Amino acid sequence: MSKKKILLEHFSNLNNYGTAMMGLVTVQRLAEQWGKENVEFYFYPDEYTDKKLLLSELEPGIQLTEFKNEAKEKWQKASPGLKKKWLKWKSILFNTYSKQFDRVISLGGDDFSEYYFKKAVFFDLLEKWRNSFHTKVVLLGQTIGPFYLKLNRWGIKHLLPRLSVYARDPWTVTYLRQEFGIPVRQMADIALSDLPLQGDKCMEAAVLQQYGLVAKEYVTIIVSGMQSDGYYCRDRALYLRRFNEILQMMEREPCLKKQKMVLLAHTFPPYGDEVGYIEDLLMLLSPELKSKIIVVRARILPTRARFILGNSLFVLTGRMHPAVSAFQMGTPAICLSYSVKYKGVIGGSLRREDLIIEAGEEELWLKGKIVSEVQEKLEYLFANFEKIKSEIREMVKQQQKLLGEIWKEL
């Protein structure tokens, strides 16, 4: 049996724990299916890549190799102008690097949406469509859409059907079928699987001890760095003031009187400077409130972050994958949503729309209503706590069973 060569896209470093979790799980599960000695994974390095760190979050024996797409790097580094445009089209239409791989797997989340780089969707899709003539191209664990730009809509309708698409939520499946007449395979969010080292109880105990944490005697809050990209509200100072008010409100809640509060950084540059948000928020807190705060600003890597999230009493987060990690370990999470991926993954796949706050409207932050919205969700959560936890565990089991079928299928 010849060794399979698999190129993984959207997995370069561990600075976004959510993206990293999806990459780590995919590598580990496919290595188990094919046999570690029978498959070699390739990935694009960047300035934040640390291969030793990547391997440290995987079981021993995984073969992981850096791959450089020289034609693509050439146009990305070129100065703006006609030459750069020509190099871009040349890289997309005449680049044959994908021939050397048995499969190209483009990992989810929501790269195929207009939330981040609107025009890039079409060109990314065009490149994958071109590669599909050389090898099998799989879009794995994706939330796709919504689309408003004509170029993107044309690309989805005419280019996407040639690719193997595995949507991570029912919202995407329904959207693509109803809007474009494209049927796609439904799976679950990849990060709902156990991480490769999640069974390491010594690591779990050590990270809790390191920060003086006792399971279920603290709550974890993720202050999302997405605000810097214009989500939630445009005023950073106001955004942080509202979080201060949320923490003050939580401190007054009778059910949380004895609970510590963990501020956890879940993303690091280039994906968001959440350490900076935490540090600025700390400056606003009263001494009494600050005494209850435990800060996890260090880059502790995905598995340890999951242990902290999963051992919380509950999680409040503006990033989706901290919620996925919490749910994966049976812990409720209140989500401050800014995109349809929350509706798809948390609301659709896990059926916890009751724990989502549509927080993308700036008016909520301007008028301070976000604080009362969080308070209402807290009261609802505590009124139904054990029932919600039981339902979460059951839904996660169902999603993991679906993921198991997908790994075998791939």
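How many Å² does the accessible surface of the protein come to, and what percentage of it belongs to carbon and sulfur atoms? About 17300 Å², with 51% belonging to carbon and sulfur atoms. Accessible areas come from the Shrake-Rupley method with a 1.4 Å probe, and for residues only the protein chains shown count as cover.

This is a predicted model: local features need pLDDT of at least 70, side-chain atom pairs count only at pLDDT 80 or more, and totals for chains, interfaces and linings use all residues. Residues are numbered from 1 along each chain as its sequence is written, and side-chain values use heavy atoms, with hydrogens and water left out.

View 1. Helices (H or I, at least four residues) and strands (E, at least two) are DSSP runs, numbered from the N terminus. Of the 410 residues, 59% count as buried. Buried means under 20% relative accessible area, exposed over 50%, and partly exposed in between (1.4 Å probe, protein chains only).

**View 2. Strand S4 (residues 103-107) is largely enclosed by the rest of the structure, because five of its five residues are buried.** Both faces are covered. Arg103, Ile105 and Leu107 lie on one side, Val104 and Ser106 on the other. Strand S1 (residues 4-9) runs parallel to S4, joined by four bridges. Glutamate 9 has serine 106 as its bridge partner in S4. Strand S5 (residues 136-142) also pairs with S4 in the parallel sense, over five bridges. Here leucine 107 has leucine 140 as its bridge partner. Strands pair if DSSP finds at least two bridges between them.

**View 3. Helix H12 (residues 302-310) is largely enclosed by the rest of the structure, because eight of its nine residues are buried.** The buried residues include Pro302, Thr303, Ala305 and Arg306. Phe307, Ile308, Leu309 and Gly310 are buried as well.

**View 4. Methionine 329 sits in the loop between helix H13 (320-328) and strand S12 (333-337).** Its relative accessible area is 26%, so methionine 329 is partly exposed. Not counting residues up to four places away in sequence, methionine 329 touches Gln198, Glu204, Arg306, Phe307, Gly310 and Asn311. Contact means heavy atoms within 4.5 Å. The C-alpha atoms of methionine 329 and leucine 309 are separated by 8.4 Å.
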